[in-house]
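Please look through the model shown here with attention to how its chains meet.

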There are 2 protein chains.
Amino acid sequence: MDVNILLFPDFETLDAFGPVEVLGSIEQYKLRYISVSGGTITSRQGIRVLTESIKDADSYGILLIPGGRGTRSLVNDIKFIEKLSDMVIKSKYCLSVCTGSALLAKTGLLDNKEATSNKKAFEWVKSINTDVLWIEKARWVADQKYYTSSGVSAGIDMALGFVAERFGMNEAQKIAEQIEYIWNSDPNNDPFAV
Amino acid sequence: MDVNILLFPDFETLDAFGPVEVLGSIEQYKLRYISVSGGTITSRQGIRVLTESIKDADSYGILLIPGGRGTRSLVNDIKFIEKLSDMVIKSKYCLSVCTGSALLAKTGLLDNKEATSNKKAFEWVKSINTDVLWIEKARWVADQKYYTSSGVSAGIDMALGFVAERFGMNEAQKIAEQIEYIWNSDPNNDPFAV
């Protein structure tokens, strides 16, 4: 199955590449780095990444949406949100990290579903769509095919939680050990909530 | 000051981009992604990153050396090790993550200095240079200008520790909070040591 990592200008590096480190350990997953038009996408931390175009992606896989400063303008980019909607609908699972959930919320596909986001940007994210059942105190939230995480590093915890549900706790713990990551495996344990 | 992130084929994604997330928060630091010849470098997880050539880098800054499968052949690449030596000597600080310390050890510049590495690859790393004072139980080790960390995620803890020493604990804790990272701030607390 393809894991499509959707990149855009000024995405937050670890939002995308933390979960990539986890999901990249799953043999059945093929990681692909995509963007609306393909080409080079630069992260907030200046990493220039080569991407494939959305139109060349197999959308029927897992979609990963990072957050970051770039989301602030993208929520108002109707063409982007339309293309995102199309991918989200087709995806088998849709994961977002940090303010990536603002983009996801903007599609309307999170309406009446539980979700979370970065604690420092929570009020802004909520304001994007108040029909989402926003949960402030959560490391990550799973509702049907949607997995949304809190800020940046929470994406790693969520990715391990996602792996645990698909492949068992042993597999998730094995990956955490391999990458020497101290996993916060309880989605309700959110030390950064106010 | 430049932070030169030295990339090579099959580098481990989070080894490089975990510390990048932390060091990228420091206004005084300019992050640059470099490789021996410049051009596109692909990580173990398939991320294709555009890099500048080592010869265009200002070597008198901070050098970050990730680990990963690519180190296994690079330790035997004499030309690479020579170029690395040159950068390491000029650097103000030199940080390595995971098996990046094997490359650093190969230069001889770690001789009689304390260092650590990934726990799963420790025997191999030690075998590269037995004149290094290898410390098995450590999340990270600082000896003069050299900072070496354990596997993958330990690089984030080390980067925050490095920031704490340069800019104070408050700054490090502020960054950890911003990226919602549960920081293991004690370099001696290594839950992955045997």
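**The contact between the chains**

In this predicted model, the count between chain A and chain B is two salt bridges. One of these joins the side chains of B:Glu177 and A:Lys120, with 3.8 Å from N to O. On the side of chain A that touches chain B, at least two residues each come from helix 1 (13-23), strand 2 (30-35), strand 4 (48-53), helix 6 (154-167) and helix 7 (169-178) of chain A, and the largest share, six residues, is supplied by helix 1 of chain A.

The contact draws 39 residues from chain A and 39 residues from chain B, and the two chains bury about 3100 Å² between them, 61% of it on carbon and sulfur atoms.

How are the two copies related? The same surface serves both copies, since 100% of the contact residues of chain A recur in chain B.

In chain B, helix 6 (residues 154-167) has 14 residues and reaches 20 Å from its first C-alpha to its last, close to the 20 Å expected. This helix of chain B is mostly covered, with 11 of its 14 residues buried, including B:Ala154, B:Ile156, B:Leu160 and B:Phe162. After helix 6 of chain B comes B:Gly168, whose phi is positive, near 100°.

Key: Residues numbered from 1 in each chain as written. Chains lettered and ligands numbered in written order. Predicted model: local features only at pLDDT ≥ 70, side-chain atom pairs only at ≥ 80, totals over all residues. Heavy atoms only, no water. Helix = DSSP H or I, 4+ residues; strand = E, 2+ residues; numbered from the N terminus. Expected span 1.5 Å × (residues − 1). Buried < 20%, exposed > 50% of the residue type's maximum accessible area, 1.4 Å probe, protein only. Contact = heavy atoms within 4.5 Å. Buried area = accessible area lost by both parts, 1.4 Å probe. Salt bridge = Lys/Arg side-chain N within 4 Å of Asp/Glu carboxyl O.
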